Number of protein chains: 2
Amino acid sequence: MNSGVPASGAAGEPRWLDAEEQKAWRAWLYSSMLLQDRLDRELTQETGISHAYYEILVQLSEAPGRMLRMSQLADRSLSSRSRLSHAVSRLEERGWVRRQVCEDDGRGQLAVLTDEGFTALEAAAPVHVEGVRSHLFDQLSPEQVAAMRSIGETLLRHLVPR
Amino acid sequence: MNSGVPASGAAGEPRWLDAEEQKAWRAWLYSSMLLQDRLDRELTQETGISHAYYEILVQLSEAPGRMLRMSQLADRSLSSRSRLSHAVSRLEERGWVRRQVCEDDGRGQLAVLTDEGFTALEAAAPVHVEGVRSHLFDQLSPEQVAAMRSIGETLLRHLVPR
DNA sequence: GCGGAATAGTCAAGCCTTCAACTACGCTAC
DNA sequence: GTAGCGTAGTTGAAGGCTTGACTATTCCGC
């Protein structure tokens, strides 16, 4: 531990960003914020489904039996337990998801995608994919797409626990 | 208009993502969400300043006279007018920002960074820069950093109005 | 079995963001 | 000068998210 790098917030001269690093950081930050915002807005406007809800529905649709434990669903949709619990309640009100007690574990709940939910997802998917294509893939060269993936995977290895 | 590409949400076979594109898209999306979340949490925990507020303070500190029109500040901090107005009110309560009527334009307001605000920013900056360095630059090769910048700038040209 | 620790999920309070008015001022033309 | 329109910024209500507390259940060691 503590091999030269100070613990975050600890003393030691800050390793400031130089001008080039600043530009790289800002370009990355702003572009990812704006892209996420744009995709979320377009999806919400045209389908009534926010990107967060869309992710939940996608994860359920890809799971065996179209159902997942609440905590697994939370992990896969990058959501906290609490946030997911609220979100599923709202999706339940729309009739797109239904809760079901878990056989194996009395503590657990299963979130199950209903047929109505699957239909709603099918309707939203083309809008989502068109957004990703037009605002992301259509803008980048094949080399940039490859680099984007490599950067993303590198960062994920660092950021994802375990 | 309508040169072969359907207007968003319109008919026409969706241009689905293939498996490689899926992986690139997911890697990018998840890594950027997780990184922003991580930086925001660390900054908030260690300094009491969220990343959104930090951005506002940075923009003010870099402006001439450490002041900006509300709408310019909103644009630069990727914030809606309304959101910024609320945020400035809370920063005012902390004594870090102060509102001032604009001489040239009676409709306008200037947000001015106070000395206390500047001091708070100075205290938070090392924490922020250490986060960006350790979670981003330390993880990537120089080639990846260059690619990240090029991708970000390409996307910004597409996403930013004007 | 049984007591304590860990896990799954929910809930309430408070903060943040969005949306849709709304006020106030400036600009232009008549 | 004043009507009409556009711009700058604020406000309040509604809903989403986070935090921390809380319940219920399971796991583990004895």
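This is a predicted model: local features need pLDDT of at least 70, side-chain atom pairs count only at pLDDT 80 or more; totals for chains, interfaces and linings use all residues.

Residues are numbered from 1 along each chain as its sequence is written, chains are lettered from A and ligands numbered from 1 in the order in which they are written, and side-chain values use heavy atoms, with hydrogens and water left out.

Chain B holds an open sheet of three strands in the order E1-E3-E2, paired antiparallel. Strands (E, at least two residues) and helices (H or I, at least four residues) are DSSP runs numbered from the N terminus, and two strands pair if DSSP finds at least two bridges between them. Strand E1 (67-69) and strand E2 (97-101) of chain B each have a single partner strand, so one side of each is left without a neighbour in the sheet. Neighbouring strands are turned by 30° against each other on average, direction ignored; the axes are lines fitted to C-alpha atoms, for helices over the stretch in contact, and angles run from 0 to 180 degrees between N-to-C directions. E1(B) is joined by three bridges to strand E3 (residues 109-113) of chain B. Within E3(B), Leu110(B) stands opposite Arg69(B).

Arg69(B) also takes part in the DNA contacts: an N or O atom of the Arg69(B) side chain is 3.1 Å from a phosphate oxygen of DNA strand D. This is a polar contact (a pair of N or O atoms within 3.5 Å; within protein, one must be able to donate a hydrogen and the other to accept it, and residues adjacent in sequence count only if both atoms are side-chain atoms). Arg83(A) has a polar side-chain atom 3.1 Å from a phosphate oxygen of DNA strand D, whereas Ser82(A) places one 2.9 Å from a base oxygen. Around DNA strand D there are 21 residues, a residue being near if one of its heavy atoms lies within 4 Å. Sugar and phosphate make up 73% of the atoms of DNA strand D within 4 Å of the protein.

DNA strand C is likewise surrounded by 21 residues, with Ser71(A) and Ser82(B) among the closest. The side chain of Ser71(A) has an N or O atom 2.7 Å from a phosphate oxygen of DNA strand C. From chain B, a polar side-chain atom of His86(B) lies 3.3 Å from a base oxygen of DNA strand C.
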